[in-house]
Amino acid sequence: MHTHNTVVISDLHLTDAEPQNPAKPYWKNFKQARHFIDADLGRFLNHIKKESKDFPVELVLNGDIFDYDSVMTLPEDKVFKITRYEKLTGLKSHEEKSLFKTKVILDQHDLFISALKKFVQDGHKVVFVIGNHDIELYWPSVQKEIIYRITENSSEESQVSFCDWFYVSQNDTLIEHGHQYDPYCMCIDPINPIIKKNKKYKVRLPFGNIANRFILNRFALKNPHQEDSYVKTGKEFMIFFFKYELRLQPWLAFLWLSGALRTLVNSLGEGFTPAIKDPLIYESKIKAIAARANVNTHTILALKELHAHPAVHRPIEIFRELWLDRFFFAVFLVWGSWQIFTTSTLFSTVSLWWFIIPILISIPFWAYYAEGITSDVNANSRLGEEKAPIAAQIVGVTRVVHGHTHYHVHRFFEGIEFLNPGSWSPSFDDLACSKDNRIKKYVWIKSNGISREADLKLWE
C-alpha cells in the first residue's frame, strides 16, 4: 500500500543574510535578506497540503537545504575559540560551531521554520537528506535543535527524520542528494563522517566546501550557488575582473592565491585523515542508517560501493581545478626569463628587454596551455545520473530522484524514471540581483493507494 504522497525539493541553500553596504552596492547582493524565499516556501507548503487531499504528505528536503559554508555570522560572546582565519572565512565544522550556525540560520529563516512546524502539526512528515553543503547536519545536537524548532511535542518528533545520504520513499523511489557521485563534493565516508584534527572532533569537509569557504566567501561578486560565476575560462575571468571587480577588490588575485593554497593544504589534510571508527558499534550504526533510509544493511554497503573516488586522493586534479598549475607555470616562465637576463649580464651589458622579451614570447604558450584546460566540475556533478540505473537495481525501485546539480530533469532511460527538481537557491542574471532567474520546480509523487505516479512541476 502507498500511504503517502511525496514531495521533493532540494538545494535551497538557506544561510545568514549579508548586511547591506551603501558604499559597496554590489557586495554579495545575492545573499541579502531581501532575496530570502521563506514566505514563498510557506505558500508552497500550504499549496501541497491542499493538493494532497486523500493522503498525508511526505516532504523530502533532498540535501543542501542549509548552506553552512556560507554562514559568516560570528558569536558576540566568546563561547568558543575562533581563529583569525575563521573570522574571514566562516566557522569550522566542530559540533559547537555547527550548532551555532544552525541556530543562526533557523533564527533568520523563521518564516520557513514556522511553516514547517505547521506542516508537521497537520500530520505530515519531513525527511532531511544530508547533502554536501549541509553536511554538518550529521551532528546529533544539530538534528536535535532542528527537531525542537519544528515540533510542538515529543509525539511529533517521529514525523521528522534525518537520512545520511539517501532515502527510499514508499518502496518505489530512491531519493539521493547525488553528491556522493561527485568526486569534488562527496563525503569520503558517510557512515563515519567524523575526523579528529588538532585534538578536536569535526565533520570532514569535501573539497568543494573548503574551496567555498576559503575562496568564494572572500569574493564579493561570485555567487557560490551559480556555477557560471566561478567556473570560467581565463579570458572570461580577466574580462569580469577588469569590468566589475577591479574597483571593488583590486587585490583579488592575492585573495585567490592565499585561499587556493589554504584550500589545497586543508583539503589534502582532511582528505587523508582517517575517519573515527568504533568497530564495536559499526554494525549497529549500519542498522540505524538502514532503518532511517527504509532499507536493509546490505543495501547500505552496496550503494556505498557506487560512490566516486574522492578528488582529494588525486592531488593533481584539485591543483588544476584551483588554477594553481597555471599560476606556477607563469612563475616558472618569469623565473626562466630572469635567469636568461642575469646570465646575459655576466658576459656583457644588456638591456632590460632581455628580461621582458622572453616573457612576451612565452605568453602565447601559457595562454594556449591555460585555454586547453577546462573545469570538469559540471561533468562530475552529473555522474550520479549515470549511476542511477544501477542504484535503482540495488534498491529494487524504478524511480530515482537526485538534487545537487541545480538542473531540473525528468526523463526515462535504462528502465528507470529519473527526476531532479533543480535548485531554489539565489541566482540572478545581473550583479544588482534585479533579474531573478530561479526556476522553482519540485517532484510530485502522487498516490492512488495502489500505485504512484511522478511529475516534475513548476512552482510559481
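**Basis.** I worked on a predicted model, in which local features need pLDDT of at least 70 and side-chain atom pairs count only at pLDDT 80 or more, while totals for chains, interfaces and linings use all residues. Residues are numbered from 1 along each chain as its sequence is written, and side-chain values use heavy atoms, with hydrogens and water left out.

**Aromatic pairs.** I classed pairs by the angle between planes: under 30 degrees is stacked, over 60 edge-to-face, and the rest tilted. I took helices (H or I, at least four residues) and strands (E, at least two) as DSSP runs, numbered from the N terminus. F128 is buried at 1% relative accessible area, and F162 is buried at 3%. For burial I used under 20% relative accessible area, with exposed over 50% and partly exposed in between (1.4 Å probe, protein chains only).

I next looked up Y184 and F207, whose ring centres lie 5.7 Å apart with planes at 50°, so the pair is tilted. Y184 lies in the loop between β6 (173-176) and β7 (194-197) and F207 in helix α6 (residues 207-214), so the pair ties together parts 23 residues apart in sequence. Y184 is buried at 4% relative accessibility, and F207 is buried at 7%. I also noted one aromatic cluster formed by F44, W424, Y442 and W459.

**Charges over rings.** I required NZ of Lys or CZ of Arg within 6 Å of the ring centre and within 35 degrees of the ring normal. R262 lies over the face of Y85, at 3.7 Å from the ring centre. The charged end of R411 sits over the ring of F413, 4.0 Å from its centre.

**Helix α4.** The buried residues of α4 are F112, I113, A115, L116, F119 and V120. Seen down the axis, these fall within an arc of 160°, so they line one face of the helix; the arc is that of the directions from the helix axis to the C-beta atoms. Their cover includes α1, β2, α3, β3 (125-129), α5 (140-150) and β4 (160-163). Just after α4, G123 takes a positive phi of about 95°.

Most residues other than glycine have a negative phi. I found a positive phi near 45° at K28, in the loop between β1 (5-9) and α1 (38-51). K28 is buried at 6% relative accessible area. D64 has a positive phi of about 55° and lies in the loop between β2 (57-62) and α2 (84-89). D64 is buried at 1%.

**S98.** I located S98 in helix α3 (residues 95-108), where it is buried at 0% relative accessible area. A polar contact of 3.4 Å joins the side chains of S98 and W139. Such a contact is a pair of N or O atoms within 3.5 Å; within protein, one must be able to donate a hydrogen and the other to accept it, and residues adjacent in sequence count only if both atoms are side-chain atoms.

How values were computed. Contact = heavy atoms within 4.5 Å. Phe/Tyr/Trp six-rings, centres within 6.5 Å; stacked < 30°, edge-to-face > 60°.
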